[in-house]
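Here's a quick walk through one protein model, written for someone with the sequence and the 3D view open. Have a look at the picture, then read on.

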Amino acid sequence: MSDLSLTILPEAAGDAQAIERLHERTFGPGRFVLSAYRIREHVDHVLELSFTARIGTLLVGSVRQLPILIGETPALLLGPLTVEPPFRGRGVGRLLMERALKDAKAKGHAIVLLVGDEPYYSRVGFKPVPKGRVIMPGPVDHARVLVFELVDGAFEGVSGPVGPDWSKARS
């Protein structure tokens with residue numbers, strides 16, 4: 001991003017409509033049938049752990065994180081992560097992820113889970129979850145379920161169904 005002045009900021013409540021329009025453009029209507037979206041239907045993302053990327057006032061990217069449980073273990077679900085197509089390949093997604101992971105660690109979180117392309121997300125340290133360790137709601141390609149340990153060894157022994165952290169569910 002050396003040729004553009006990029007700013008990564010925590011998501012604000014007023015960003016919701018612009019981010020939804022970004023998701024519509026980049027993911028389309030099929031996004032609602034994905035396993036991760038089934039979890040997002042019940043629990044809001046954490047604003048202080050979700051970020052926007054802007055060039056001036058133009059929103060060019062977004063990443064969100066929401067509270068989940070893997071079995072009984074609290075974790076975060078990262079996503080969606082999206083960048084406007086003209087700005088892809090310039091490091092925007094990586095900067096958003098790095099900020100999201102850094103702030104999650106600083107807030108005391110230990111595990112971040114996502115469903116995505118391993119070659120892309122492994123660049124920041126995500127690793128495949130061994131098949132059968134976690135059970136996502138609905139159909140999912142198990143090779144795309146990835147984990148990042150914010151604390152070394154935090155994922156050791158963790159297994160079970162993935163679902164919303166109901167203690168943080170919308171009332």
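## Helix 3, inside and out

A quick term before we start: a residue counts as buried when its relative accessible area is under 20%. Keep in mind, too, that this is a predicted model.

With that cut-off, which residues of helix 3 are buried? The list runs Val92, Gly93, Leu96, Met97, Ala100, Leu101, Asp103 and Ala104. As a general point, an α-helix has 3.6 residues a turn, so residues three or four places apart point the same way.

The length of helix 3 checks out as well. Its 15 residues, 92-106, should span 21 Å at 1.5 Å a residue, and the C-alpha atoms at its ends are 21 Å apart, so the two agree. After helix 3 comes Gly108, with a positive phi near 90°.

In soluble globular proteins, nonpolar side chains tend to be buried together. Here the largest nonpolar core has 26 residues, and Leu78, Leu96, Leu101, Val112 and Phe126 have the most contacts inside it. At least two residues of this core come from each of strand 2 (51-55), strand 3 (58-70), strand 4 (73-83), helix 3, strand 5 (111-115) and strand 8 (145-149). Helix 3 gives the largest share of this core, with 6 residues.

Apart from that core sits another one, of 18 residues, including Val129, Val134, Ala154 and Val158.

## Strand 8 and its partners

Strand 8 is mostly covered, with 4 of its 5 residues buried. How many bridges does strand 8 make with strand 5? The two pair in the antiparallel sense over 5 bridges, and Leu146 of strand 8 is the bridge partner of Leu114.

Strand 6, residues 127-128, also pairs with strand 8 in the antiparallel sense, over 2 bridges. Leu146 turns up again here, as the bridge partner of Pro128.

## Glu11, a charged residue under cover

Now for the loop between strand 1 (6-10) and helix 1 (16-27), where Glu11 lies. Is Glu11 buried or exposed? Its relative accessible area is 5%, so Glu11 is buried.

What does the side chain of Glu11 make a polar contact with? The partner is the side chain of Arg64, at 2.9 Å. Setting aside neighbours within four places in sequence, Glu11 is in contact with Ile19, His45, Leu47, Ser50, Phe51 and Thr52, as well as with Arg64.

Notes. Residues numbered from 1 in each chain as written. Predicted model: local features only at pLDDT ≥ 70, side-chain atom pairs only at ≥ 80, totals over all residues. Heavy atoms only, no water. Expected span 1.5 Å × (residues − 1). Buried < 20%, exposed > 50% of the residue type's maximum accessible area, 1.4 Å probe, protein only. Core = buried A, V, L, I, M, F, W, Y, C linked by side-chain atoms within 4.5 Å. Polar contact = N/O pair within 3.5 Å; in protein donor to acceptor, adjacent residues only side chain to side chain. Contact = heavy atoms within 4.5 Å. Pairing = 2+ DSSP bridges.
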